[in-house]
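Please load the model in your viewer and keep the selection tool at hand. The stops below are meant to be taken in order.

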Amino acid sequence: MTEPVEVAESADEVVPGIWHWQIRNSGIGGAISSSHLFAGEDGAVLVDPVQLAPGRLAELPRPTAILLTSKGHQRSAWHYRRELGAPVWMPEGTVPPDEEPDHRYRDGDDLPGGFRAISAPGPGPVHYVLLRAGEPGALVTADLLGGTPETGLDFGPLRHHDDPDASRRTIAGWVDLPFTVLCLDHGGAFADGKAALHALLASES
């Protein structure tokens, strides 16, 4: 899997301690690929990273770990492991990635940055979302949702999922999870993600 060649020039702080940036990824037809950095008392964590301009990245808290939600989101993880010395965490059971991660995780495992791994069936055989406890709580949705705060949430390209019905059930199961911020891997970051999720589900009922 080739690292995306595009580099984001800027990052936006969604809420204090959570930053979002994105590229138009030519490797997936110019669709949006997004990344997030989460800073807390126990360090900063990169999730599914694409490159950010070095000068801008240097202005943010230095990551101490990199979390991946699936093999398809390796992106710039190995680049940043070499550059920053941050270990990479990846789901157990993925087919061999480009490089061997430092750690493997399973459903329910606690991860750096206060995250918990939650299996998210539908898009592929090994696919996770990441739930961050505390204030503000956050959910990284991997391949399950698209959209921006301006346009609202959508279900993304379900036709590309292994099991679109399972994807919909997975998403509906998030309404009771303790989060506020919703962080998309293929779209924007929603400061009031729970309200956006309720609006999406209501539109389908």
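The tour goes from strands to loops and then to charged side chains.

This is a predicted model, in which local features need pLDDT of at least 70 and side-chain atom pairs count only at pLDDT 80 or more, while totals for chains, interfaces and linings use all residues. Residues are numbered from 1 along each chain as its sequence is written, and side-chain values use heavy atoms, with hydrogens and water left out.

Begin by selecting residues 18-25, which form strand β2; helices (H or I, at least four residues) and strands (E, at least two) are DSSP runs, numbered from the N terminus. Of the 8 residues in this strand, 6 are buried, so β2 is largely enclosed by the rest of the structure. Here buried means under 20% relative accessible area, exposed means over 50%, and partly exposed lies in between (1.4 Å probe, protein chains only).

Now extend the selection to residues 31-40, strand β3, which runs antiparallel to β2 and is joined to it by 8 bridges. R24 can be found opposite I32 in β3. This second hairpin has 5 residues between β2 and β3, and its turn includes G29, with a positive phi of about 75°.

**Backbone geometry in the loops**

Next, select D48 in the loop between β4 (43-47) and α1 (54-58). Its phi is near 45°, a positive value in a residue other than glycine, and D48 counts as buried because its relative accessibility is 0%.

Move on to R75, which lies in the loop between β5 (63-67) and α2 (77-84). R75 also is not a glycine, yet has a positive phi of about 45°, and with 7% relative accessibility it counts as buried.

For a peptide bond of interest, go to E135 and P136, which are joined in the cis form with omega about -5°; P136 is placed in the loop between β10 (128-132) and β11 (138-140).

Which strand holds V88? V88 is found in β6, residues 88-91, and at 0% relative accessibility it counts as buried. Show its contacts (heavy atoms within 4.5 Å): leaving aside neighbours within four places in sequence, V88 touches residues including I66, L68, W78 and P101. L68 is 20 residues from V88 in sequence, with 7.4 Å between their C-alpha atoms.

**Salt bridges**

Finally, display the charged side chains, where a salt bridge is a side-chain nitrogen of Lys or Arg within 4 Å of a carboxyl oxygen of Asp or Glu. How many salt bridges does a search of the whole structure find? The search finds 5.

Select R82 and E99, whose side chains meet at 2.6 Å, N to O. R82 lies in helix α2 and E99 in the loop between β6 and β7 (103-105), so the pair ties together parts that are 17 residues apart in sequence. R82 is exposed at 57% relative accessible area, whereas E99 is partly exposed at 26%.

End with E59 and R56, which meet in a salt bridge of 2.9 Å, N to O.

Methods
Two strands pair if DSSP finds at least two bridges between them.
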